[in-house]
Amino acid sequence: MSKIYTITEDRGFTKIKFLAKPAYDDIVGIIDEIAEHYPYERRLWDLSEIEFDLTAQELQAIALYGKGKFPLPNKMAFLTDNDLIFGELRMFEGYRAHDQITTMQVFRKNDEAEAWLRE
């Protein structure tokens, strides 16, 4: 089991919970793992308990990498109550803005994120 994250299937969606600050390579590995082994139509990325400090270039690279791995329609929710991470995730949304396949949103409360994923 990874000391950086857990991946579980939870009532119709895949939940990725970070336990420690991920590096760029960690996130790329998680994307590969989800694409190969988990349903990815609805994903919740829980960053509520970590620090997060990827560069703008790394966020853009992750956005492009994920776009290539998930070619079917899907929804992605991000969870954080940290203002800095919230802003970085909004920037990530911008990098994926022209992606007609993925719908995404950033949330501060878990119940709101889960309800949106189930819509």
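Q: How many helices and strands does the protein have?
A: This is a predicted model, in which local features need pLDDT of at least 70 and side-chain atom pairs count only at pLDDT 80 or more, while totals for chains, interfaces and linings use all residues. Residues are numbered from 1 along each chain as its sequence is written, and side-chain values use heavy atoms, with hydrogens and water left out. Helices (H or I, at least four residues) and strands (E, at least two) are DSSP runs, numbered from the N terminus. The count is 4 helices and 5 strands.

Q: What radius of gyration does the protein have, against that of a compact globule?
A: The radius is taken over C-alpha atoms, and the globule rule is 2.2 Å times the number of residues to the power 0.38. For 119 residues, the rule gives a value near 14 Å. The protein agrees with this, at 13 Å.

Q: What share of the residues is buried?
A: Buried means under 20% relative accessible area, exposed over 50%, and partly exposed in between, with a 1.4 Å probe and protein chains only. Of the 119 residues, the buried share is 45%.

Q: How far apart are the end C-alpha atoms of helix 1?
A: The expected span of a helix is 1.5 Å times one less than its number of residues. Helix 1 covers residues 24-37, which is 14 residues, so it should span 20 Å. The model agrees: its end C-alpha atoms are apart by 20 Å.

Q: Which elements do the buried residues of helix 1 pack against?
A: The buried residues here are I27, V28, I30, I31, D32 and I34. Contact means heavy atoms within 4.5 Å. Their partners are strand 1, strand 2, strand 3 and helix 2 (56-69).

Q: Around what arc do the buried residues of helix 4 lie?
A: In helix 4, A113, E114, W116 and L117 are buried. The arc is that of the directions from the helix axis to the C-beta atoms. These residues are on the same side of helix 4, because they cover an arc of only 160°.

Q: Is E114 buried or exposed?
A: E114 is placed in helix 4 (residues 110-118). Its relative accessibility is 8%, so E114 counts as buried.

Q: Which side chain has a polar contact of 3.0 Å with that of E114?
A: A polar contact is a pair of N or O atoms within 3.5 Å; within protein, one must be able to donate a hydrogen and the other to accept it, and residues adjacent in sequence count only if both atoms are side-chain atoms. At 2.8 Å, the side chain of E114 joins that of N110. At 3.0 Å, the partner is R11.
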